[in-house]
Amino acid sequence: EVLELRKVDHNRARRYLMVWDMWGRIIHTSGVKSALPYVIAESLRSLGNHPYQGGACGVFKLGMAQTHALWEGCGLQDVIHPLLPIHDELLYECHEDVAQDWIQQVGYEFENTVRLRVPIKWSGDTALSWGDIKK
């Protein structure tokens, strides 16, 4: 199925000079019209992950928005402090007594923000410092 999806994306690139992800974000691929075969091959290779990585990025952004709305709506500003997203992770500073509950809630929000054919897998952990988090 992945090869079939890749063929669809390559055909889109050749026809429209761009491909898009599930949210409509596009990447232009004018190199597919080149007279040089290595430029065409590089253009097709570089666009290959866009539909998947762009889709994952959109899901992550929606999950962050959901958790932020929950954080704000529940008045958790005094006990939970969002620090930053790192690739596909969220880093929070929070009181120990709410940490496990918050981890479970964030996981629930990410699982249910966007329904996909393949369920979203998540994990969470706590540590006293960022360097101590199990990877």
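The model is predicted. Its largest nonpolar core has 7 residues. Helices H3 and H4 each give two or more residues to this core, and they also pack against each other, with axes 9 Å apart.

**Largest core**
- The core consists of Phe60, Trp71, Leu76, Ile80, Trp102, Val106 and Phe110.
- Two elements supply two or more of these residues: helix H3, spanning 50–73, and helix H4, spanning 96–113.
- H4 gives the largest share, with 3 residues.
- Leu76 touches Trp71 and Trp102, leaving aside residues up to four places away in sequence.

**Second core**
- A separate core holds 5 residues.
- Val19, Val32, Leu44 and Leu47 are among them.

**H3–H4 geometry**
- H3 and H4 pack at an angle of about 135°.
- The crossing of the two helices is right-handed.

**H3–H4 contact**
- On the H3 side, the contact uses Val59, Phe60, Leu62, Gly63, Met64, Gln66, Thr67, Leu70 and Trp71.
- On the H4 side, these residues meet Trp102, Gln105, Val106, Glu109, Phe110 and Thr113.
- By type, the contact residues divide into 9 nonpolar, 5 polar and 1 charged.
- Phe60 and Trp71 of H3 belong to the largest core and also take part in this contact.

Key. Residues are numbered from 1 along each chain as its sequence is written. This is a predicted model: local features need pLDDT of at least 70, side-chain atom pairs count only at pLDDT 80 or more; totals for chains, interfaces and linings use all residues. Side-chain values use heavy atoms; hydrogens and water are left out. A nonpolar core is a set of buried Ala, Val, Leu, Ile, Met, Phe, Trp, Tyr and Cys residues joined through side-chain atoms within 4.5 Å. Buried means under 20% relative accessible area, exposed over 50%, partly exposed in between (1.4 Å probe, protein chains only). Helices (H or I, at least four residues) and strands (E, at least two) are DSSP runs, numbered from the N terminus. Contact means heavy atoms within 4.5 Å. Axes are lines fitted to C-alpha atoms, for helices over the stretch in contact, and angles run from 0 to 180 degrees between N-to-C directions. A crossing is left-handed if the near helix is turned anticlockwise from the far one by less than a right angle, and right-handed if clockwise. Ala, Val, Leu, Ile, Met, Phe, Trp, Tyr, Cys and Pro count as nonpolar, Asp, Glu, Lys and Arg as charged, and the others, Gly among them, as polar.
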